[in-house]
Amino acid sequence: MTQRPLPEPGSPELKVLSTRAHHILYAYLFMRRDDPPTMREIRAHLQETLGEAPSQTDRRVRDLRDHFTIPAKRISGEYRYVLEGWTTSRTNGSRKSISGAVRAQVLSPQRCAMCGRTPLDHQVTMVVDHKLPRHWGGSDEIGNLQPLCEECNSGKKAYFANYEQFDEAIRQAAGHPEPHGRIGELMKAFAGDWVPAELIEIVASIRQYQEDWRKRTRELRLLGWVLETEKRKEAETGRIRVRYRVTSWEPWPQGSIAAEVRRRDPSNNRAPAPER
Ligand SMILES: [Zn+2]
């Protein structure tokens, strides 16, 4: 099967793109195919040419991915956006709809899962939210869906847009079979940078909800990891943001991570593990 070649910027095939910003973005990625840009560079380019806010840029990259394959690849230590080709299957795109029955079931509590407001008491509009966003590998399974008010939903999107450069790493971390592994791989991918608690919670919970994801995170210390926590108040919203980072980590034990954590946990009141 031969891939349809990428169109030159400005060619009629690109009428699928809806705005001038999308065309500028496409032209930029096209021009830099041999030297793919980082998200920082892409944002800077759109800011220079259009005066566009960075959060807008992230969304435009996602829009472009409805039509083109643009993986973020780690090249010499940085995530770079590579315009590779047309998207072969549109049904893999982010716009595939969830069935009406599932939508109704998710929305049935009629209460925002983040702020607790309701359409009846607070005139908010409810939407179906993917706990782990689609572009990080989140599924349309009911366990990955929750009711949010529009405001919380767009706040969450804007917040997570800051982590677009970690797309590939987040998808990989989410694939680890154990919660400790998913949390740890996520933190490793951030390589000493702060990881927001919300992101840890959803990546930890991708297979099933992990009520004690905070405990799982702290338990990495039992494996010899150096873990820091920080709490700060967000100036704009007054919301308390908690974030974590690891500055040093150990290889995973052979076999079950959870079993090794239990073995090393002093609160388990067992005979101390032999010195190694
Ligand atoms: Zn809300």
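User: At roughly what angle do the axes of helix 7 and helix 8 cross?

Analyst: This is a predicted model. The axes of helix 7 (residues 167-174) and helix 8 (residues 179-189) cross at roughly 160° and come within 8 Å. Angles over 145 degrees count as roughly antiparallel, so helix 7 is roughly antiparallel to helix 8. Their crossing is right-handed.

User: Which residues make the contact of helix 7 and helix 8?

Analyst: Helix 7 contributes Ala169, Ile170, Ala173 and Ala174, and helix 8 contributes Arg182, Glu185, Leu186 and Ala189. By class, this contact has six nonpolar, two charged and no polar residues.

User: How are helix 1 and helix 3 oriented to each other?

Analyst: The axes of helix 1 (residues 20-31) and helix 3 (residues 54-64) come within 10 Å and cross at roughly 75°; the two helices are therefore roughly perpendicular. Ala21, His22, Leu25, Tyr26 and Leu29 of helix 1 meet Arg60, Val61, Asp63 and Leu64 of helix 3. This contact has six nonpolar, one polar and two charged residues.

User: What is the geometry of the zinc ion site?

Analyst: Ideal angles for four tetrahedral donors are 109.5 degrees. Here the four donor atoms give angles of 103 to 118°, and the site is tetrahedral.

User: Which protein donors does the zinc ion have, and what spacing do they follow along the chain?

Analyst: The donors are the SG atoms of Cys112, Cys115, Cys149 and Cys152, lying 2.3 Å from the zinc ion. Their spacing is C-x2-C-x33-C-x2-C. Cys112 lies in the loop between helix 4 (100-107) and helix 5 (119-122), and Cys152 in helix 6 (residues 150-160), so this pair ties together parts that are 40 residues apart in sequence.

How values were computed:
Residues numbered from 1 in each chain as written. Predicted model: local features only at pLDDT ≥ 70, side-chain atom pairs only at ≥ 80, totals over all residues. Heavy atoms only, no water. Axes fitted to C-alpha atoms, helices over the stretch in contact; angles between N-to-C directions. Helix = DSSP H or I, 4+ residues; strand = E, 2+ residues; numbered from the N terminus. Parallel < 35°, antiparallel > 145°, perpendicular 65-115°, else oblique. Left-handed = near helix turned anticlockwise from the far one by under 90°. Contact = heavy atoms within 4.5 Å. Nonpolar A, V, L, I, M, F, W, Y, C, P; charged D, E, K, R; others polar. Donors = N, O, S within 2.8 Å, 3.2 Å for Na, K, Ca; no water. Tetrahedral: all angles 85-135°; square planar, octahedral: opposite > 155°, others 65-115°.
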